[in-house]
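Trainee: Before I use the labels attached to this model, I would like to go through them one by one and hear what stands behind each.

Mentor: Then let us look at the structure and take the labels in turn.

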Amino acid sequence: MIEINAELLIGRKVCDTNGEKVGRIEEFRVTNKEKACLVEGYLVGTSALIDRLSAWTLIRPIGKALRGRMYSVYEVPWEQMDLSDPEHPKLRIPKSELRHSK
Amino acid sequence: MKKILQLALGIITSVGGFLEIGSVVTAAQAGANYGYKLLWAILLGTICLIFLVEMSGRLSAVSKHTIVDATRERFGFPFFSIVMLGIVAVAFLVLVAELGGIGLSLQILSGIGFRWWAIPVSIAVWLLMWKGTFGLIENGASLLGLVTISFAVAAVKMHPDWGSAAHGLLPTMPGDGKAKYGFMAVSILGASISPYLMYFYSSGAIEDKWDESYIPMNRIIAGFGMTFGGFLSMAVLVAAALALQPRGIDVEKFEQAALLMTPALTHWGFYLFAFSMLFACLGAALEISLAIAYFFAQGLGWSWSEDLDPSRDARFAFAYTIIILLGAIPLLFGIDPIKVTVMSMALTSATLPLAIVPFLFLMNDPIYLGKHRNGWLSNSVVAIVILISFVLAIISIPLEIIGG
Amino acid sequence: MPPKRLLVAPLVILFACKPPTPAEQMDSALSWVATARMAGDAWLRHTTPDKYTREILELCQQTLLQLGTKLLKAPVPGVDTASLDNLLTRSRGHIAQMAALVTAKNSPGFRQQLDSLISDEVLVKQFADSAESKQ
Amino acid sequence: MKLVRDVLDKKLTDREHCEMGRVSGLIMHAGERSQPRITHILVGGDALWMRIHPWVAALARRLAKMWGPKRDDPVRIPWSRVETVGKDVRLDVKARETGALDWEIWIAKHVIERIPGGGKEEEE
C-alpha cells in the first residue's frame, strides 16, 4: 500500500511497457458508493484535458475546422496502471493494447 | 414591481459607477491630443464591456458561481494562481490611481497636496467597507457618481460638430506619432474594459441572490447601463477636444483637466469637475478593493460577504483592509496618480486575455450554463475585441517606453 | 501568460525614464503656457477659486522652469536656444506675477500680465511649429 | 464521477453550510494489485502550494512557522465524511473542529476583533 497525492499525478507523463510516451494523466474516473471512492481508470491525453475543462462546445468546431488529431484520449483501467513510482507512472501493457474511450 | 425598481436602480448605478479616473484621464488626453479621432476606441471598448458584463451576470444567475469560483474549479489552482497574480497586480495599480484621484480632487478643492490626503482617504474608504453593506457601496457611491453626467452637459453646451464626431467612431491612423496614438487607444480600451467590474458585478449578483429569472433584467441593465456610461466617456473626450485641443493644452497633470468644464459651465464647471472626480474615484476605489478581496476569498474558498460582520468573514475583511492600506503607500511617496492611471490602463489591456480567455471557456461550459451558454455572436465579439486590444498593447507599450 | 506578468515590473521603472523628443518638449512648453492662460481667463471670469488658480499657476511656472533647463541641455534643432530661453523666462515671470496678483485680488494688474503672456504664447507657438517642421 | 472535474478545487461546506475552504488535494491509496481508492480530502495551504512547486510549499511552511496558527500536520478529512458532491462538496463534519478554519479564527481573534466594530467571531 502506497499513499499518493492524486492532485500531483495530474499532468504527469505516462509511458508504456516499451517506454513509449502515451500522454499525460488528466482525469480520474471514480465510483463513489457506500462512502468509498474507488478509482476505476485514468484518462490520458489531450482530449482528456479538454473533457476536464468541459470545453468541447468551444473546441469541437475549431477541431472540425482544423481536422486536428485531438481525439487521442486513452482510458487506462486501474489494473493496467503501475503507480509504484508516482513520479513516473507506467502502463503494464504496450500502448497498442490500449482502448480509445472516444 | 420590485424587479422594475431593481432594474432602474441597476441602470442608474452602472451609469453613476461607470466613470473613474482611468476613463476620464484617458478620454481627456485623447481629446486634447487627437480631437474626435479616438472615439472609436471608447465605442469598441464599451460594446465589449456590455457583452462581458451581461455574461458575468448570466454566469452567476444560472450557475450560482462567481467568475472566480468557476475559474478556480475548472482550471485548477496552478493556472488559477497565474490568473490571480496578473489580475490582482494590475487591479492594485488601478486602486492606487483611484485613491490618488480622490486625493487630487480634494487637493484642487482644498489646496492641500494629495500626498497629505493619502492616509485619510484610504482610512475613509476602509471605514465605508468596514461599516457599510454591499447595497450602500453599490448604490450609495454610484448615486453620488451621477454628478458625472455634467460631463455630458458640458460637451453638448460646447456645440460639438456632430459630423466629425461621427467620423471619429471609425478607426483611422494618424500621419505621425503612431506609437503615441496606439498607446492612447490601448489605454482607452483598458479603461473601458475593466475586468474588476466583471468580478464585482458577478459577486454582486450572488450577494443579491440572483437566479435564472433575472436573466432578462441582467441583459437590460448591462445594455443600457454600459451604453449610457460609454456616452459619458465619449462626452469627456468631446469636451476635451473642444476645450483643450484648440488651445494646444495636453493633460499631463490633473490640474489641467480641472479646466475642462470651465468654458462650458462657467460658474459650476470647476466644482462639478472636482466633485465628479471625487465621487467617481470613491466609487471605483470601493469597487476595486472589494473586487480584489472577493478574488482572494472566492478563489481560496473563504467565506465572504460585504453584508456580514467583519469577524464573520475575517480573512475577507483582513484582505481588503491590507489592500486599501497598501494602496496609500505609493501616494505617500508622491508618485503621480496620472502616470499610474495611464500605465495601469495600458497594462489592463495587456493582461485582458488572462482574464477573458478562461472566462470565455466558462461561458461555453454546458455544466455551468446549460442552455444559457454563449452564442457564437457574444463569443466572437468578445474574442475579437480582446485580440485587438491585446495586439495593440503588445505593440504600442514597448514603443511608448522606448519613445518610438 | 507569465511573460505578461513579467512585463509589469520593468514597465513601472521604464515609464519614468522615457526621454521626450525636443519637439515634444516644445509642445509641452506651449501646453503649459496655454494652461496658464486658460487658468487666467477662468479666474478673471470668477469661475475658479483663488487657491486653485494660484496652485496651477505655480505648477505651470515650475514645469516651464524644468522644461527650460532641459531645452538648454538638449537644444532643439532649428531653434535659437538663447532667445527661446529668455522667452520662456519672460513668460514664467508673467505667470509668477499673475499668481501673486491672485493673492492680491488685483484683477486689472492680472489682466495686464495675462495679455503679455498671451503675446508670448504666440511666439512660443512659432517656436513649437518650427521645431515640428525640423522633425 | 470524474475526480478532477467534479471534486478537486470544489468548495467545501460543513453540516451547517459553513464554508470551510476548497479541496486542495486528494490522498489516494494504491496497492500492487488492489484497486486504488481515494481515502482523504486535503484542505489548506500546504497541499495547494505543492501543486505549484515544492519550493513554494517550503517557503509557505517557513512563513507559517513565524506567524499564524501553529499546526504541523495538514488538515485531512476522511472520504467517508463526504455527504454529497454537487455544486459544492458537503461534508458531515463541524468546520471548526477539522482545523480547516484555523486561519480564519486566528485572524478573527488576533486582528479583526481588535479593531473597533469588528464584532465577535464566536457568535457563529
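**From labels to values**

Trainee: What makes a contact between chain A and chain D a salt bridge, and how many salt bridges are there?

Mentor: Bear in mind that this is a predicted model. The count between chain A and chain D is 3 salt bridges. The label requires a side-chain nitrogen of Lys or Arg within 4 Å of a carboxyl oxygen of Asp or Glu. The side chains of Glu3(A) and Arg76(D) are set 2.4 Å apart, N to O, and because the cut-off is 4 Å, this pair is called a salt bridge.

Trainee: How do you know how much area is buried between chain A and chain D?

Mentor: The size of an interface is often given as the accessible area lost when the parts come together. For chain A and chain D the value is about 2800 Å², with carbon and sulfur atoms giving 57% of it. Glu7(A), Lys35(A) and Cys37(A) supply 20% of the area that chain A buries against chain D, more than any other three residues. In terms of contacts, 30 residues of chain A meet 31 residues of chain D, and of the 4 pairs of chains in contact, chains A and D share the most contacts.

Trainee: Why are E4(A) and strand E3 of chain D called paired strands?

Mentor: Pairing needs at least two bridges between the strands, and 2 bridges join E4(A) to E3(D), residues 37-43, so the pair meets that requirement. The two strands run antiparallel, and Leu38(A) has Arg37(D) as its bridge partner in E3(D).

Trainee: Which strands of chain A itself are joined to E4(A) by bridges?

Mentor: E3(A) is joined to E4(A) by 8 bridges and runs antiparallel to it, with Lys33(A) bridged to Ala36(A). These two strands form a hairpin with 2 residues between them, and Glu34(A), in the turn, has a positive phi of about 45°. Strand E5 of chain A (residues 74-77) is also antiparallel to E4(A), through 4 bridges, and there Val44(A) has Tyr74(A) as its partner.

Trainee: What is found between chain A and chain B, in area and in polar contacts?

Mentor: Chain A and chain B bury about 690 Å² between them, 66% of it on carbon and sulfur atoms. There are 0 salt bridges between these chains, while 3 residue pairs are in polar contact, both residues at pLDDT 80 or more. Helix H3 of chain A (residues 56-66) provides the largest share of the side that touches chain B, namely 3 residues, and the residues of that side divide into 4 nonpolar, 2 polar and 1 charged. In contacts, 7 residues of chain A meet 10 residues of chain B.

Trainee: Why is Leu360(B) called buried?

Mentor: Leu360(B) has a relative accessible area of 12%, and because buried means under 20%, the label applies to Leu360(B). Leu360(B) is found in helix H15 of chain B, residues 337-363. Leaving aside residues up to four places away in sequence, Leu360(B) touches Leu58(A), Met55(B), Asn374(B), Asn379(B), Val382(B) and Ala383(B). Of these, Met55(B) is 305 residues from Leu360(B) in sequence, with the C-alpha atoms 9.1 Å apart.

Trainee: How do you know that chain C is not in contact with chain A or with chain D?

Mentor: No contact joins chain A and chain C, and their closest C-alpha atoms lie 18 Å apart. Chain C and chain D do not touch either, with their nearest C-alpha atoms 14 Å apart. The label of contact rests on heavy atoms within 4.5 Å, and neither pair is in contact.

Methods
Residues numbered from 1 in each chain as written. Chains lettered and ligands numbered in written order. Predicted model: local features only at pLDDT ≥ 70, side-chain atom pairs only at ≥ 80, totals over all residues. Heavy atoms only, no water. Buried area = accessible area lost by both parts, 1.4 Å probe. Polar contact = N/O pair within 3.5 Å; in protein donor to acceptor, adjacent residues only side chain to side chain. Nonpolar A, V, L, I, M, F, W, Y, C, P; charged D, E, K, R; others polar. Buried < 20%, exposed > 50% of the residue type's maximum accessible area, 1.4 Å probe, protein only.
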